[in-house]
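Here's a quick briefing to read with the structure open beside you.

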Amino acid sequence: MSESSTIIIVNGATGQMGSRVCALARDDSAFNVVARVAHAGSRAFAQPDAQGATKHDPCEKPLRTPHDLGSLAHKPDVVIDFSSDAGALDALALALRFDAALLVGTTALTAPTLEKLRAGSKKISVLIASNTS
């Protein structure tokens, strides 16, 4: 990891867009994915190898849930979310916890979730850019 790399948590890391973000970040020294996150019901948790890596693992990082993500070796600069309405709230909680910016690419966010994201934007930077796939 270079001193100037952007440190990322990817929420929704097993989906099509989250996996793609991980793969692109892996291949570019300007980015460092420190955590891959998915909801506890993700099928990817059913198929870990001996090191905790999973089938959809372009970043070669263990897959975690938002609730079992412990301390990180490096403070993230941004949490990138491509998950679900509930997952976007988990991503917001992670971004607030680590005082990181939040990029939400998730579509079909409900009005209550959008309101919580707006409230969160008073404490951290939040960008909602849905319909990116």
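Let's begin with R118 and E115, whose side chains meet in a salt bridge, 3.6 Å from N to O. The model is a predicted one, so keep that in mind as you go through the points below.

**Salt bridges**

- R118 and E115 sit three residues apart in helix 3, which means that about one helical turn separates them.
- How many salt bridges does a search of the whole structure find? It turns up two.
- Besides the R118 and E115 pair, there is a salt bridge between the side chains of D27 and R26, at 3.0 Å from N to O.
- D27 is exposed, with a relative accessible area of 58%, while R26, at 44%, counts as partly exposed.

**Helix 3 and its two sides**

- Helix 3 covers residues 111-120, and its buried residues are T113, L117 and G120.
- These residues span an arc of only 60° around the axis, so they end up on the same side of helix 3.
- Look at the other side of helix 3 and you'll find A111 and P112, both exposed.
- What covers the buried residues of helix 3? Helix 2, strand 5 and strand 6 (126-128) are among the elements that do.

**The nonpolar cores**

- The largest nonpolar core has 19 residues, and the members that touch the most others are I9, L69, V79, L94 and L102.
- Strand 1 (6-11), strand 2 (31-37), helix 2 (85-98) and strand 5 (101-104) each put in at least two residues of this core.
- Which element gives the most to this core? That's helix 2, with six residues.
- As general background, nonpolar side chains in soluble globular proteins tend to be buried together.

**Around D68**

- D68 belongs to the loop that runs between strand 3 (63-64) and strand 4 (78-81).
- With a relative accessible area of 44%, D68 is partly exposed.
- A polar atom of the D68 side chain lies 2.8 Å from the backbone nitrogen of T65.
- D68 and V37 are 31 residues apart in sequence, yet their C-alpha atoms are 9.4 Å apart in space.

**The whole chain**

- Stepping back, the protein chain has three helices and six strands, and in sequence order they read β-α-β-β-β-α-β-α-β.
- Of the 133 residues in the chain, 41% are buried.
- Take the contacts in the chain with a separation of 6 or more: 67% of them are between residues 24 or more positions apart.
- The accessible surface of the chain is about 7300 Å², and carbon and sulfur atoms account for 51% of that.

Note on methods
Residues numbered from 1 in each chain as written. Predicted model: local features only at pLDDT ≥ 70, side-chain atom pairs only at ≥ 80, totals over all residues. Heavy atoms only, no water. Core = buried A, V, L, I, M, F, W, Y, C linked by side-chain atoms within 4.5 Å. Buried < 20%, exposed > 50% of the residue type's maximum accessible area, 1.4 Å probe, protein only. Helix = DSSP H or I, 4+ residues; strand = E, 2+ residues; numbered from the N terminus. Arc of directions from axis to C-beta. Contact = heavy atoms within 4.5 Å. Salt bridge = Lys/Arg side-chain N within 4 Å of Asp/Glu carboxyl O. Areas by Shrake-Rupley, 256 points an atom, 1.4 Å probe, with all protein chains shown as cover. Polar contact = N/O pair within 3.5 Å; in protein donor to acceptor, adjacent residues only side chain to side chain.
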